[in-house]
Amino acid sequence: MTQDLFRQDAYLRECSAHITAVTDVGIVLDQTVFYPLGGGQAGDSGVLVLADGTTITIADTRKGKGADGNPTSDIVHIPAAGQEDRVAQLTPGTAITARIDWERRHRMMRLHTTSHLLCHVVPQLVNGCSITPDYARLDFAMTDPLDKEQLTAAIATLVAAAHPLTVASISDEELDANPALVKSMSVQPPRGTGRIRTIRIGGEGDAPLIDLQPCGGTHVANTSEIGAIVVTKIEKKSATTRRVVLGFAQ
């Protein structure tokens with residue numbers, strides 16, 4: 001089992017850890033700041049630093065899988081190609097420092113939070129999404145046309161309003177009683193622990209609630225941190241799907 005430190009603090013850039021396993025897929029640690037691919041968000045990259053200063057470059061991060069193909073509680077750090085000899089020398093119990101590519105992660109945090117703002121601007125169910133360091137896309141189940149300039153302006157207003165973001169959780173029963181909290185048709189909130197992580201934007205005191213939904217991804221603490229984002233493309237993917245692509249303003 002890997003303790004996922006990024007769930008509690010998305011701003012952690014590194015942590016100390018110990019190797020628990022080295023598999024054909026990658027390196028498993030007892031705790032990590034690396035986010036694994038999931039929920040539409042890409043996995044983190046970065047480095048693992050050994051006590052002698054030797055580094056292992058990590059190209060991607062994934063959730064572990066058991067022999068039956070089902071997800072486990074492990075998080076696997078996948079080394080970049082060309083490091084096979086160094087990886088082969090790693091053994092369980094070895095102490096390392098896990099350090100993410102912070103600039104890459106922060107870009108995804110900004111885009112992921114923007115995707116939640118877009119769910120407020122376009123209040124339709126999402127049937128597909130992807131969060132990368134360079135762009136985010138959301139596929140909305142809808143038939144009405146959308147306007148790039150209007151969406152960009154609406155997002156800019158929410159960013160400038162400096163809405164705080166709060167990480168909390170609800171019970172399985174609370175989610176069952178409020179099914180409208182789930183905005184995604186393609187990704188269901190993880191169950192099994194009794195609590196489901198939520199992301200709330202706004203809604204403190206008398207402030208308006210902008211968005212509230214289950215989400216396990218990494219986010220900025222305030223919308224003002226997002227910066228300038230534009231809608232770069234709107235596509236009609238099918239008769240009932242409109243794709244909106246977000247990017248950083250040049």
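Student: What makes the span of helix H3 close to the expected one in this predicted model?

Tutor: Helix H3 covers residues 102–121, and its 20 residues reach 29 Å from the first C-alpha to the last.

Student: Why is H3 described as mostly covered?

Tutor: A residue is buried under 20% relative accessible area. Of the 20 residues of H3, 15 are buried.

Student: How many aromatic pairs does a search of the whole structure find?

Tutor: The search finds two aromatic pairs. A pair of aromatic rings is described by the distance of the centres and the angle of the planes.

Student: Why is the pair of phenylalanine 6 and tyrosine 35 called edge-to-face?

Tutor: Ring centres must lie within 6.5 Å, and planes over 60 degrees apart count as edge-to-face. The centres of phenylalanine 6 and tyrosine 35 are 5.3 Å apart and their planes stand at 70°, so the pair is edge-to-face. Phenylalanine 6 belongs to helix H1 and tyrosine 35 to the loop between strands S4 and S5, so the pair ties together parts 29 residues apart in sequence.

Student: Are phenylalanine 6 and tyrosine 35 buried or exposed?

Tutor: The cut-off for buried is under 20%. Phenylalanine 6 has 1% relative accessibility and therefore counts as buried; tyrosine 35, at 4%, also counts as buried.

Student: What makes the pair of tyrosine 11 and tryptophan 102 tilted?

Tutor: Planes under 30 degrees apart would be stacked and planes over 60 edge-to-face, with the rest tilted. Here the planes are at 45° and the centres 5.9 Å apart, so the pair is tilted. Tyrosine 11 lies in the loop between H1 and strand S2, and tryptophan 102 in helix H3, so parts 91 residues apart in sequence are tied together.

Student: How do you know that tryptophan 102 is buried?

Tutor: The relative accessible area of tryptophan 102 is 16%, and buried means under 20%. Tyrosine 11, at 30%, counts as partly exposed, a class that lies between 20% and 50%.

Student: Why is aspartate 30 called partly exposed?

Tutor: Aspartate 30 has a relative accessible area of 28%, which falls between the limits of 20% and 50%. Aspartate 30 sits in the loop between strands S3 and S4. The residues touched by aspartate 30 include Met1, Gln3 and His18.

Key
Residues are numbered from 1 along each chain as its sequence is written. This is a predicted model: local features need pLDDT of at least 70, side-chain atom pairs count only at pLDDT 80 or more; totals for chains, interfaces and linings use all residues. Side-chain values use heavy atoms; hydrogens and water are left out. Helices (H or I, at least four residues) and strands (E, at least two) are DSSP runs, numbered from the N terminus. The expected span of a helix is 1.5 Å times one less than its number of residues. Buried means under 20% relative accessible area, exposed over 50%, partly exposed in between (1.4 Å probe, protein chains only). Rings of Phe, Tyr and Trp (its six-membered ring) pair if their centres lie within 6.5 Å; planes under 30 degrees apart count as stacked, over 60 as edge-to-face and the rest as tilted. Contact means heavy atoms within 4.5 Å. Lists of a residue's contacts leave out its neighbours within four places in sequence.
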